[in-house]
Amino acid sequence: MRIPCPYCGSRDAHEFAYLGDATLTRPDPAAPDAAEAFHAYTYLRENPEGAHREYWYHANGCRRWLVVTRNTKTHEILGVEFARPSTDEVPA
Amino acid sequence: MTRLSTGGLIDRSRTLSFTFDGVAYKGHPGDTLASALLANGVRLVGRSFKYHRPRGIFTCGSEEPNALVELRAGARKEPNTRATTVELFDGLSAQSQNRWPSLEHDALSVNQLVSPFLGAGFYYKTFMWPASFWEKVYEPFIRRAAGLGAASELPDPDTYEKAFAFCDVLVIGSGAAGLAAALSAARSGARVILAEEDFRFGGRLLTEDVAIDGAPARDFVAHAEAELAALPNVRLMPRTTVFGAYDGSEYACVERVSDHVAVPAAFQPRQRLWRIIAKRAILATGAFDRPIVFPGNDRPGVMTAQALATYARRFGVGAGANAAVFTNNDAGVSAALAATHAGVKVEALIDVREALPSALLAKAKALGVRVITGGEVIATKGKRLSSITVRTGSRTETLAVEALGISGGATPNLNLTCHLGGKPVYREDIAAFVPGSVPPGMSCAGAVAGQFSLAECLKAGTEQGATAARDAGFAGAALPAPKAEETATGIRAFWQVKAKGDLAFVDFQNDVSAKDVGIAHKEGFRAVELLKRYTTMGMATDQGKNSNMAGLALMAELTGQGIAATGTTVFRPPYTPVALGVLAGHHREKDFRPTRPTPTHAWAEKQGAVFVETGFWLRAAYFPKPGEKDWLESVNREVKATRESCGVIDVSTFGKIDLQGPDVGTFLDRVYINMFSTLQVGKARYGVMLREDGLVMDDGTTARLADNHYVMTTTTANAGKVFQHLEYCLQVLWPELDVQLSSISEQWAQIAVSGPRSRDVLAKLVDGADVSNAALPFMGVAQTTVLGGIEARIFRLSFSGELGYEIAVPARQGERLMEAIMEAGKPFGITPYGTETLGVLRIEKGHVSGSELNGQTSARDLGMGRMASTKKDYIGRVLSQRPAFLDPERPIFVGFKPVDTAQRLRAGAHFLKVGVEPTTHNDEGYLTSVAYSPTLGHSIGLGFLKRGLERIGEQVRAYDPVRGSDILVEVCSPAFVDPEGEKQRV
């Protein structure tokens with residue numbers, strides 16, 4: 001499998017480390033329901049069929065965390081972007 | 001000898017010597033082992049798997065089910081090698097398999113006599129009871145009987161490589177369609193790779209008696225190959241099998257770089273694993289000639305009609321003194337005529353059809369071949385085929401022939417189209433499965449797509465080559481396809497001759513007969529996947545390339561549901577067997593994974609250190625001295641010297657992370673449970689970080705070098721993991737923080753000097769810096785120079801509990817620093833120590849390490865609950881407050897010593913109250929780390945015990961049933977040495 005890293009270009013998937021669901025947001029630790037929210041954030045995952053946004057880390061490359069949109073059924077990569085958007089990271 | 005007097009793509013001017021079962025033979029360059037054996041009249045080459053029936057060469061390619069041999073000898077011995085794909089080389093030696101005592105007289109051929117009992121499901125039905133017999137009697141028996149070849153047990157002396165390649169168009173197969181596709185794609189300028197399994201390009205064109213653009217097909221092949229070889233945008237890859245299609249348009253291939261020579265040339269690998277990333281791929285893998293099922297269809301001498309023709313035309317070999325052909329289709333007829341044309345004496349062409357195309361009949365007549373229409377072969381005779389019996393209506397006749405070519409039609413070789421889930425589709429008109437959905441970016445051209453006529457193949461190849469190049473961004477002018485006459489492709493679906501007699505085989509490799517398919521049907525194993533597992537049809541090295549079609553057709557007939565509804569089994573990678581060696585590549589033995597030596601590795605070697613692998617690192621474990629009888633004696637000496645005077649160890653393996661930016665303090669506050677924004681410049685602090693689930697992830701010290709500059713250390717094992725985690729926190733969780741991270745683990749050598757005399761040693765190293773207790777107190781950090789100008793960071797830290805310093809210098813200065821430390825420490829008897837002593841020192845001091853940070857423990861469990869700041873949030877804070885983590889019954893970190901100090905503790909033992917049953921319910925915790933303490937003179941341990949802190953002084957059982965140990969221990973403080981921590985502060 002190949003992942004088109006926005007910084008390094010198309011690279012072998014073995015260069016990347018997988019983390020998982022990129023649709024989650026770390027909850028507000030001060031909220032009254034923080035315990036439940038953190039439980040869900042840490043443990044509960046959907047297992048969608050089709051397009052899925054997920055975190056991949058280009059460990060053997062530019063060390064950027066990426067949000068990869070992958071079709072979980074076909075492994076087609078539908079899109080890749082930096083987890084931290086910043087215009088100055090891609091050389092012109 | 002059955003070598004024909006002329007013809008064949010072999011070099012008759014040169015002779016190659018080889019042996020088979022110890023007998024010497026001769027062949028020519030251009031031969032395969034199979035063609036050379038046939039040329040020498042060797043027709044019996046193996047024994048079948050179950051019944052040990054004599055078997056010969058059945059095909060001329062990688063679908064070969066019978067002619068499996070052990071190739072080479074000694075360390076290079078390779079079992080189950082298909083003689084049909086082995087390129088002959090001088091000095092080749094091969095042995096037949098699955099026979100005893102000899103190929104000619106095989107004792108287990110008596111299995112044939114009991115074949116009624118060895119049918120489908122034999123193993124499942126027979127070796128059932130008594131259960132105790134399985135391991136001792138049945139399994140060893142089956143393994144001995146079910147031999148096939150034996151692997152060499154010696155280490156493989158050859159090397160294997162892995163490589164990547166990228167192209168616009170990958171063409172798989174170099175027959176008519178493949179060559180046409182490669183030419184048309186290459187002419188557009190696209191980067192083309194043409195992969196061919198054979199050592200020669202051309203595929204079926206090397207066999208067929210046809211003309212392209214008015215010239216013999218072989219001339220077309222030669223011209224095409226020359227043109228492609230001359231183009232800079234083309235890579236020709238002969239001897240390369242594409243064995244798998246994967247996600248992202250990636251194709252896995254094995255290139256047999258040196259399989260065609262006795263020993264690889266210097267610096268050449270035996271094989272190379274390629275991963276080819278292709279924007280587009282054209283599958284032009286052709287089709288297999290499939291067998292017909294009839295009694296005795298497995299005798300040596302019976303082979304596919306294509307094989308008969310190929311041996312004659314490509315190799316100049318007659319498979320026997322004379323031959324017959326039995327078919328149901330025009331390609332079979334053409335093969336018979338091509339063989340005749342090449343010099344094979346074809347006695348009869350038997351076709352199940354009543355009528356044949358007049359053009360073919362005319363050709364047969366011109367060649368003098370007798371044609372029997374509406375005929376069937378119903379029996380064969382001979383250990384090596386000597387005669388066949390042909391039935392025509394009610395009449396039978398016997399023909400004396402040594403070879404019989406059979407063709408039941410073409411089975412498209414669509415294996416690769418299924419690797420990503422594609423399902424083949426049945427076409428009644430050609431009686432074959434053709435590709436259904438194909439992997440993204442792939443298209444199929446030629447016989448694999450059911451296009452069996454030569455003109456069709458050339459046209460499809462040319463068009464698809466151009467289309468693929470265009471898809472990849474190369475718009476060339478459309479070129480006309482090479483011209484060829486339309487070849488006849490008629491077929492009448494025909495699978496099985498209904499006749500009584502000998503076994504009629506469906507799968508030759510697994511000895512599955514038509515009867516077995518019947519048994520499977522009768523016993524309910526009717527779905528193709530069940531049929532395969534129950535009868536073993538389609539298993540082993542050929543994976544049913546020959547047999548699947550007839551097997552499922554027979555089942556379809558029995559169930560009456562038709563072939564389309566019956567479907568085929570799923571094809572998965574690899575297409576042909578792949579040696580584990582080539583998948584491993586260079587990753588074997590000491591190169592299995594990288595070795596990371598420390599900056600002082602060479603120095604430690606000179607001191608006679610014994611090394612230990614810790615992850616990728618190679619660290620000194622201990623430094624034995626002459627006369628010491630075991631490691632413990634060395635370690636005891638090292639511990640004592642360190643506690644009494646001075647010891648030294650390389651600690652460069654710890655992860656080191658440089659953090660810079662205005663927000664580093666805030667960032668560290670969020671990843672550590674304790675505060676770092678308040679740390680003074682020039683100070684270090686011990687920190688613990690959690691995972692979001694509240695369990696401890698890692699620990700280490702972090703120092704503040706300047707307002708906006710910190711340097712963190714992590715444990716050796718978690719260096720990579722922590723760095724990745726910090727990047728995640730910065731890039732994903734808090735992108736607003738202005739912090740830059742750099743891993744500097746490789747850039748700095750770090751050496752720890754510990755013991756009461758360590759300050760005296762340090763004072764001699766620094767370039768005038770004040771290292772007194774006042775100037776550089778405990779947990780102080782100095783940025784200075786040592787040894788006359790070497791940049792250094794000095795951290796006053798202690799893992800041992802003694803006065804201690806860690807001195808960091810640029811990595812290339814590490815060895816020099818170590819030598820200077822040893823020189824400076826000489827008057828104090830400075831002693832180098834390794835990881836063993838490091839472990840003893842930290843256990844004596846009660847410091848936690850990897851055994852305690854085991855992914856199951858919280859900061860509170862480790863006795864560090866009070867370190868956690870209540871003034872801020874940090875990763876893991878919320879979930880670390882869950883009730884189970886706060887349960888007072890949770891095992892807590894404490895120390896242990898044996899009540900009888902002569903006894904030895906063992907890590908892994910579980911704690912029980914004295915006098916209770918050893919049950920899981922009564923389990924109160926476990927020992928994580930143990931050591932013999934030379935300071936105390938007995939065994940000591942660290943571990944976790946329920947309410948441990950409240951139970952200091954209590955006696956519990958350390959129960960270790962695995963190693964048969966059960967001893968009484970006393971609960972104590974984990975700090976065995978200097979519990980007040982005074983020694984490290986002097």
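Angles between axes under 35 degrees count as roughly parallel, those over 145 as roughly antiparallel, 65 to 115 as roughly perpendicular and the rest as oblique. The legends below apply this to a predicted model, in which local features need pLDDT of at least 70 and side-chain atom pairs count only at pLDDT 80 or more, while totals for chains, interfaces and linings use all residues. Residues are numbered from 1 along each chain as its sequence is written, and chains are lettered from A and ligands numbered from 1 in the order in which they are written.

**View 1. Helices H7(B) and H8(B).** H7(B) and helix H8 (residues 358-367) of chain B pack with their axes 10 Å apart, at an angle of about 20 degrees. The two helices, H7(B) and H8(B), are therefore roughly parallel to each other. Axes here are lines fitted to C-alpha atoms, for helices over the stretch in contact, with angles running from 0 to 180 degrees between N-to-C directions. Helices (H or I, at least four residues) and strands (E, at least two) are DSSP runs, numbered from the N terminus. The crossing in which H7(B) passes H8(B) is left-handed; this term applies if the near helix is turned anticlockwise from the far one by less than a right angle, and right-handed applies if clockwise. H7(B) contributes Asp330(B), Val333(B), Leu337(B), Thr340(B) and His341(B) to the contact, and H8(B) contributes Leu360(B), Lys363(B), Ala364(B) and Leu367(B). Residues are in contact if their C-beta atoms, placed from the backbone, lie within 7 Å. By type, the residues of this contact are five nonpolar, two polar and two charged. Ala, Val, Leu, Ile, Met, Phe, Trp, Tyr, Cys and Pro count as nonpolar, Asp, Glu, Lys and Arg as charged, and the others, Gly among them, as polar.

**View 2. The surroundings and end of H8(B).** One of the ten residues of H8(B) is buried, so the helix lies largely in the open. A residue is buried if 20 or more other C-beta atoms lie within 10 Å of its own, exposed if 12 or fewer, and partly exposed in between. Gly368(B), with a positive phi near 80 degrees, follows H8(B).

**View 3. Helices H6(B) and H7(B).** Helix H6 (residues 305-313) of chain B and helix H7 (residues 330-342) of chain B have axes that come within 8 Å and cross at roughly 25 degrees. H6(B) and H7(B) are therefore roughly parallel to each other, and H6(B) passes H7(B) in a left-handed crossing. On the H6(B) side the contact involves Ala305(B), Gln306(B), Leu308(B), Ala309(B), Ala312(B) and Arg313(B), which meet Gly332(B), Ala335(B), Ala336(B), Ala338(B), Ala339(B) and Ala342(B) of H7(B). These residues comprise nine nonpolar, two polar and one charged.

**View 4. Two nonpolar cores.** A nonpolar core is a set of buried Ala, Val, Leu, Ile, Met, Phe, Trp, Tyr and Cys residues joined through C-beta atoms within 7 Å. The largest has 168 residues, and Val169(B) and Leu308(B) have the most contacts inside it. Helix H4 (residues 176-187) of chain B gives the most to this core, namely nine residues. Another core, of 99 residues, lies apart from it and includes Val635(B), Met712(B), Leu776(B) and Cys972(B).

**View 5. The contact between chains A and B.** Chain A supplies 18 residues to the contact and chain B supplies 17 residues. On the side of chain A that touches chain B, helix H1 (34-43) and strand E4 (51-57) of chain A are the elements that give two or more residues. H1(A) provides the largest share of that side, four residues. The residues of the chain A side divide into eleven nonpolar, two polar and five charged.

**View 6. Ile967(B) in strand E50.** Ile967(B) is found in strand E50 (residues 965-972) of chain B. This residue, Ile967(B), counts as partly exposed, with 17 C-beta neighbours inside 10 Å. Leaving aside residues up to four places away in sequence, Ile967(B) touches Pro898(B), Gln903(B) and Ala958(B).

**View 7. Backbone details in chain B.** Pro573(B) and Pro574(B) are joined by a cis peptide bond, with omega about 0 degrees. Met779(B), although not a glycine, has a positive phi of about 70 degrees; Met779(B) counts as buried, with 20 C-beta neighbours inside 10 Å. Asp978(B), in the segment after E50 of chain B, also has a positive phi, near 50 degrees.

How values were computed. Two residues are in contact if their C-beta atoms, placed from the backbone, lie within 7 Å.
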